[in-house]
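Please read them alongside the sequence and the coordinates.

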Amino acid sequence: CAKFSAATKAKVAECAYLQEAVNAKVSETNDWAERFNQGGEAFAGKCAQRCSDYKTCRKEKETQYLKITGPCESGDYAAGNGCVMNREQDRRNEWESTQLIKCMLQHYCEGGHFDEDLLEKCKKQIKSCHLVIDYPKVPELIPCEIPTCEACPGCDECLDRPYYQYETPCYSNGPANGCVSVEKPECPGWC
């Protein structure tokens, strides 16, 4: 009986030692899971901030671009606030007028007269395609969405239990759909 009692005490001590090691590993795993969750939340927060910054910056730049290129409201044009579209046609008209006057003066100086045929000939010679401005289209908004992922591990009510008491380990399932999440395993009824 003394032999059996000594062997039992030795086994109890060994089991206690092993249980302590298992509990330490479970605690370490839970700490890693908590750090993982905190890191994921911090990353999601940074992503959300960057998405917000992108949308704000894009809206400002798009408004600026449209204000400069136009079309302008009538009050803006007189103030000289840009509005390139409205001014483009004015510059083309001015160019064509100066070129027409130049051509008419050249013909007058050469022949001493000017008639309707020469006027039509001058109008056909005027080119203003180099004054046409190409207005780039505003690019589409790039969607900025942050996927929602469940927290890790997945078996919250089983945390801090010794590993051998799990029917399915909390970390047994891999990530799904690019999210770093773990599906919830079935916990034992006594958990």
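Which residues does Arg 92 touch, not counting residues up to four places away in sequence? Arg 92 touches Ser 128, Leu 131 and Val 132, where contact means heavy atoms within 4.5 Å.

1. Basis of the notes. This is a predicted model, in which local features need pLDDT of at least 70 and side-chain atom pairs count only at pLDDT 80 or more, while totals for chains, interfaces and linings use all residues. Residues are numbered from 1 along each chain as its sequence is written, and side-chain values use heavy atoms, with hydrogens and water left out.

2. Overall make-up. The protein has four helices and zero strands, and along the sequence the pattern reads α-α-α-α. Helices (H or I, at least four residues) and strands (E, at least two) are DSSP runs, numbered from the N terminus. Of the 191 residues, 17% count as buried; buried means under 20% relative accessible area, exposed over 50% and partly exposed in between, with a 1.4 Å probe and protein chains only. Taking contacts between residues at least 6 apart in sequence, 57% join residues at least 24 apart.

3. Helix 1. This element covers residues 2–69, and its 68 residues should span 100 Å at 1.5 Å a residue. The expected span is 1.5 Å times one less than the number of residues. The end C-alpha atoms of helix 1 are 99 Å apart, which agrees. Its buried residues are Val 26, Asn 30, Ala 33, Asn 37, Cys 51, Arg 58 and Thr 69. Helix 3 is included in what covers them. After helix 1 comes Gly 70, with a positive phi near 95°.

4. Cys 47 is in helix 1 and counts as partly exposed because its relative accessibility is 22%. Its C-alpha atom is separated by 7.1 Å from that of Ile 146, 99 residues apart along the chain. Ile 142 sits in the segment after helix 4. At 54% relative accessibility, Ile 142 counts as exposed.

5. Helix 3 by itself. How far apart are the end C-alpha atoms of helix 3? They are 40 Å apart, in agreement with the 40 Å that the 28 residues (84–111) should span at 1.5 Å a residue. The buried residues of helix 3 are Glu 88, Leu 100, Cys 103 and His 107. Gly 112 follows the helix, and its phi is positive, near 80°.

6. Arg 87 counts as partly exposed at 24% relative accessibility, and Arg 92 counts as partly exposed at 22%. Arg 87 and Gly 70 are 17 residues apart in sequence, and 9.2 Å apart in space from C-alpha to C-alpha. For Arg 92 and Leu 131 the separation is 39 residues in sequence and 6.5 Å in space, C-alpha to C-alpha.

7. Helix 3 against helix 4. Two packed helices are described by the angle between their axes and the distance between the axes. The buried residues of helix 3 pack against helix 4 (116–125). The two axes come within 9 Å and cross at roughly 135°, which makes helix 3 oblique to helix 4. Axes are lines fitted to C-alpha atoms, for helices over the stretch in contact, and angles run from 0 to 180 degrees between N-to-C directions. Angles under 35 degrees count as roughly parallel, over 145 as roughly antiparallel, 65 to 115 as roughly perpendicular and the rest as oblique. The crossing is right-handed, meaning that the near helix is turned clockwise from the far one by less than a right angle.

8. Residues in that contact. Helix 3 contributes Leu 100, Cys 103, Met 104 and His 107, and helix 4 contributes Leu 118, Leu 119, Cys 122, Lys 123 and Gln 125. By class, the contact has six nonpolar, two polar and one charged residues. Here Ala, Val, Leu, Ile, Met, Phe, Trp, Tyr, Cys and Pro count as nonpolar, Asp, Glu, Lys and Arg as charged, and the others, Gly among them, as polar.

9. His 107. This residue of helix 3 is buried because its relative accessible area is 16%. Leaving aside neighbours within four places in sequence, His 107 is in contact with Gly 112, His 113, Phe 114, Leu 118 and Cys 122.
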